[in-house]
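Welcome, and thanks for taking a look at this assembly with us. Here is a short briefing to read alongside the sequence and the model.

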Amino acid sequence: MEDNKAGHIGRVLHNATGLECTVTQDAYGMFCLELPVNQIYATLLALYRDPELGFNFLTDLCGMHDPDLPGKEFCVVYHVQSMTRRERLRIKAYASQDQPEFPSVTGIYATANWMERETYDFYGIRFLGHPDLRRILNMDEMVDFPMRKEFPLEDPLREDKADYQFGR
Amino acid sequence: MMQQAKTLTNRAKLMPRKPLTFSERIYLPAIFKGMGITLSHLFRKKATISYPDKVRPMSKVFRGLHVLKRDERGAERCTACGLCALACPAEAITMTAAERKPHEKQLYREEKYAAVYEINMLRCIFCGLCEEACPKAAIFLQNDVMAPPSFEREDFIYGKDRLVEPFQKN
Amino acid sequence: MSELTFKIIFIVAVFGISLFVAMYTTYAERKLAAFLQDRLGPNRAGPFGILQPLADGVKLFFKEEFIPRVSDRLLFIAGPAIFMCTALMTSAVIPFAPDLEINGTTYAMQAADLNVGILYLFGVVSLGVYGILVGGWASNNKFSLLGAIRAASQNISYELAMGLSIVSLVMVSSSLSLRDIVDQQSGWAWNILYQPLGFLIFIVCAFAETNRAPFDLPECETELIGGYHTEFSSMKLGLYLFAEYIHVFISSAVLASLYFGGYQFPFVSDLDPGPVKTLLGGLVMFAKTGFFIFLFIWIRWTLPRFRYDQLMNLGWKVLIPLAVLNVLITALFILF
Amino acid sequence: MSAMKTNQEFLAELPRLARPEIPYTTLNLGPTHPATHGIFQNVLQMDGERIVHGEQTIGYIHRAFEKIAERRPFYQITPLTDRLNYCSAPINNMGWHLTVEKLLGIKTPKRVDYMRVMVMELARIADHIICNSILGVDTGALTGFTYVYQWREFIYEIYEEICGARLTTNMGRIGGFERDFNEIVFEKTRKFLREFPAVWQEFEDLLLRNRIFMDRTMETGAITAERALNYGMTGPNLRACGVDYDLRVHEPYCSYEDFDFQIPIGTTGDTYDRFVIRNEEIRQSLSIVRQALDRIESMENVFHADEEHYYLPPKQEVYRNMEALIYHFKIIMGEIDPPVGNVYHAVEGANGELGFYLVSDGGRTPFRLHFRRPCFIYYQAFPEMVRGQLLSDAIVVMSSLNVIAGELDA
Amino acid sequence: MGSEIKMSNAPEGLAGQGFFATTLDAAVGLARKNSLWPLPFATSCCGIEFMSTMSAHYDLARFGSERLSFTPRQADLLMVMGTIAKKMGPVLRQVYEQMAEPKWVLAVGACASSGGIFDTYSVLQGIDRIIPVDVYVPGCPPRPEQIIEGVMRIQELVGKESVRRRNSEEYRKLMESYYVK
């Protein structure tokens, strides 16, 4: 039954977009979908428009950085939700270090605006078509993208902590 | 979409919006009612606890200022294992361990002890994780003492002189 | 004692009393606010904190005078000065107590018994808004400017209704002199009994004129930070704050005189003129004023404030028609 | 007199008014404006007192939570979550614990669930008290705030008995609580349930049907359900628009399915509705606390899951038992070997869906932890909500949205 | 209101029949310390505890400090409560510069005093890097008792300060070390 649900979502998406969509369900009951970058917009639009599935609520959008995955260093995770069916769907898409570009979904969800700005701010992932892609949380003068794994957490100017303790 | 949304659950309780009645439209009854409420408080017992003179009772488990405990013989319990420093999310604890000399046996309970033990009270967030992490029941957050404010930043590095509880002769 | 000497002494005394009352109104405000809110209020400066206003005064006096570079220097200084002056000037026509008769000489307990006292009052009070306007404008700060504009429009709007409510009062008492009006209300014959609606309109307008909650839009801490006095520090701020309390005091005194018989009280009115009557009359007057000051404070700490457009609506669409209606009703009564 | 126009009339006229030769006034609301509780900036373009356009700048207290979370073991993230929405810290704590427990596959006993429910609902009450009474303060009525705030203090007292802190509680552990509730907790909660409703009623009497307050709040900052959903609004702000989306019912976590309560919804989504919804939610929460309290007291004293790998052994065991000591060290060092996986778990925070997206690579710290902060998401809608309204409206809308800076900026 | 409340002591001076003489410094100090108008620069958690400090149970008004002045011109005491991010730093500094002399600064809580738990790239590690701080209050957040204690420390400082200290060379140097004009 559960598998059917996942399969059903995949079929609906396939019918709407004509693209290959394999929806799976993970151990925690969440539907998961992995997409190439160029299919994100079409898929999210299809999800948004489909009245039966009702995945019309973008719960969350966040970036991820994993330097150990060559070619797939950057990931953007979308959580969409269907309030009527009480289901959630996680969509992941990967991009490489050289070209961290994703389509912006602000045209579908107004809420994506700040989330995408935040992701840009943290990872330097560019969202093409975003109306106003600026830093949001950090200072405009900042040049680095702080959530990338290589960026140090600590403030280099601190003076009241000892780094030698326990390998820090 | 709203139609869909309205039937999400069967537990919805619509909060109706009543139009203003005439007596509400003319402001005054509500104003007098409000004034009545505030006036009644004029004669009520005041809730204020005049702090420096009276202290509000605190709970038994309140997490206040740290203390380094001694055991029943008066020896310091801390064995400088470093778990507290590790558990500290604010990284406020630093320590240097030292070997106990034979003649110091009554001073320190274990063979290893903290020669330097410092807590930066300005960093500390009083979360109590150090107390929880301590396997020797050495560090303890007192329930009746709060870290006092001070003028200088240096005053807040609490060394062993201020952390270890005073030696009491039984 | 010549008339003139007495007048000078009296005027100085009235100023002194106004200042003193205003000073302690700030204390009362803080203390009462605290009590209404289940708190204790200032109690460290002197016994029960009674030296609190003094401490505030001294502190403000010794604080740095600050004139922003972008402000209009002259107007920046003129603003608080105008506001304070006009606030103090209003007390001239208020009869504080019955006449004092010593050795056949009559001393009027009023700085100036103008036969157009009410008009004077209005004139001076409307000048007061210039203090706010000038100060707010000179600050060259948008919040101040908004506050100043609000103050100007609010005061003009509410003065109309206030004037109209006074018109019906004047119709009843057929005099423009405050003294005559007070003298007519001997015993229980207070004007509130004849002009309840007029009183209501007047008191609402008085709140608006003094910029007190629920009409404290020019100041409006949560919206405009400090409104017109955002940029003022030190004693200039002190003057603004102080003048506001003098306004409260004078408004209360005017309210007491116009509608609550001023120094008239059933038993006091029947006394023979003399020091006792003057003294008791004065006390009665101050008790009534004190009650209104309390009312001012009490309402401030109870009600939410209006919004700008609602305030205007209330003034123009409710109070003015009501005041006109009140005039008509009064006229009909007098006619028949 | 432009103040007399309705918002619609004003907005209809805007294109005509917008002539380049007459620039709008730019009013800078924040970052230290008294009405921006916490810190954010609204740059408003004003036509007189009308707001033509608004734009927010945020990030003034950006503290890099997500970055810190990547460097801390799971249990040390609890104090971080405290500081997200500090008005209702325990909800954040519990939400985080529930997320980790979901990842680790820990089943908590019913009693722990109920204890959590009780604490979370108290936290919700505390948060709504702040929001609604501050709305009162922002409209100018300060006094009601001090009346209800005394009861928020009382909730602090209950927290203090449970965990030893007032505001940033660091309450609970992965798998349960650090200690059982003592008698005083139950006693105080009973007292709260007994006496608080009357105080709240008094507060409502001061404002709810007072025309000044109603005029200030009605039809200000209204948003349709459709726009609200598009903006990702959740919680009371969404429910005020008439959508009965409540995670406690929708995806029951922590045994919320055992409790009987209702979801208040509004009609227009304006400030007054948000006020009313929060008032009613306080009542519903009180009822939940009552139900939870009754159940807890009749149950056997368990206050944590029996998971020796994840929950610290009792101190007495640590002193005596070698095995316990090893577990103790392992847990404190963070070596709890979590499974590899992605978990998204959301709880109904006081302001809406508070989600935790946790990616674990099996290490001692999360590989990635993303907080879905409701404030951050719905505050985007603010310019749209205040467009065409007055400056005073912007203030009340801001405070009725209950934007908590800690949550906004993370 | 019991008599156990400790009132501020009268300044030392010459008391005689019908007169009491004291130095201007002492009198002004006494006045100032009982009328500290705070500017609550509340950014986060500590701001909520500040609300507690102001509300009925703790009532900072007892010290004459309940008139919050949100405009820096009128404030005497800058109470920095909560995390100050680097983005916020210039704003805080501007607020400090806008305050009229004499002014005091109270850093409330771990974040304002030292950065606290947030030892991160975006958080200022203590506001004393950009403005001089008079009193630090530890705690995260401090209990209202501690905040009151901090205000009392400030009062101590204010009471002792001479009227002219702000014109002194030493003070000018301090300001210069912070590049405050």
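How many residue pairs are in polar contact between chain D and chain B, counting those with both at pLDDT 80 or more? The count is 30 residue pairs. Please keep in mind that this is a predicted model. The notes below begin with that interface, move on to a second one, and then turn to sheets, hairpins and backbone details.

**Chain D against chain B**

- Among the 9 pairs of chains in contact, chains B and D share the most contacts.
- Chain D brings 69 residues to this contact, and chain B brings 51 residues.
- About 5,200 Å² is buried between chain D and chain B, with carbon and sulfur atoms accounting for 56% of it.
- Three residues, D:Arg209, D:Arg211 and D:Asp244, supply 13% of the area that chain D buries against chain B, which is more than any other three residues.
- There are 9 salt bridges between chain D and chain B.
- Helix H6 (residues 143-163) of chain D provides the largest share of the side of chain D that touches chain B, with 8 residues.
- Sorted by class, that side of chain D has 30 nonpolar, 16 polar and 23 charged residues.

- Over all chains, the structure holds 69 salt bridges.
- B:Arg17 forms a salt bridge with D:Asp273, and their closest N and O atoms are 3.3 Å apart.
- B:Arg17 sits in the loop between strand E1 (12-14) and helix H2 (22-25) of chain B, while D:Asp273 belongs to helix H12 (residues 271-297) of chain D, so the pair joins two chains.
- Strand pairing crosses between these chains too: E1(B) and strand E4 (residues 263-265) of chain D run parallel and are joined by 3 bridges.
- Within that pairing, B:Leu14 stands opposite D:Ile265 in E4(D).

**Chain D against chain A**

- Here each chain puts in 44 residues, with 44 residues from chain D and 44 residues from chain A.
- The buried area between chain D and chain A is about 3,800 Å², and carbon and sulfur atoms give 55% of it.
- The two chains have 5 salt bridges between them.
- D:Glu70 forms a salt bridge with A:Lys149, where the closest N and O atoms are 3.0 Å apart.
- Chain D and chain A also have 24 residue pairs in polar contact, both residues being at pLDDT 80 or more.
- On the side of chain D that touches chain A, E5(D) gives the most, with 4 residues.
- By class, this side of chain D has 21 nonpolar, 10 polar and 13 charged residues.
- Chain A and chain C, in contrast, do not touch, and their nearest C-alpha atoms are 25 Å apart.

**Sheets and hairpins in chain D**

- Strand E6 (residues 352-360) of chain D pairs with E7(D) in the antiparallel sense over 5 bridges, and D:Val359 has D:Arg368 in E7(D) as its bridge partner.
- Elsewhere in chain D, strand E2 (residues 41-47) and strand E3 (residues 50-57) pair in the antiparallel sense over 7 bridges, with D:Leu44 opposite D:Gly54 in E3(D).
- The hairpin of E2(D) and E3(D) has 2 residues between the strands, and in it D:Gly48 takes a positive phi near 65°.

- Chain B has an open sheet of 3 strands in the order E3-E4-E6, with antiparallel pairing.
- Strand E3 (93-99) and strand E6 (157-158) of chain B are the edge strands, each pairing on one side only.
- E3(B) and strand E4 (residues 112-120) of chain B run antiparallel, joined by 7 bridges, and B:Thr94 stands opposite B:Glu118 in E4(B).
- B:Glu91, in the loop between helix H4 (83-87) and E3 of chain B, has a phi near 50°, a positive value in a residue other than glycine.

**Cis peptide bonds in chain E**

- The peptide bond from E:Glu101 to E:Pro102 is cis, with omega near -10°; E:Pro102 is in the loop between helix H3 (89-98) and strand E5 (104-108) of chain E.
- E:Cys140 and E:Pro141 are also joined by a cis peptide bond, with omega about -10°; E:Pro141 is in the loop between strand E6 (135-137) and helix H5 (144-160) of chain E.

Key:
Residues numbered from 1 in each chain as written. Chains lettered and ligands numbered in written order. Predicted model: local features only at pLDDT ≥ 70, side-chain atom pairs only at ≥ 80, totals over all residues. Heavy atoms only, no water. Pairing = 2+ DSSP bridges. Contact = heavy atoms within 4.5 Å. Buried area = accessible area lost by both parts, 1.4 Å probe. Salt bridge = Lys/Arg side-chain N within 4 Å of Asp/Glu carboxyl O. Polar contact = N/O pair within 3.5 Å; in protein donor to acceptor, adjacent residues only side chain to side chain. Nonpolar A, V, L, I, M, F, W, Y, C, P; charged D, E, K, R; others polar.
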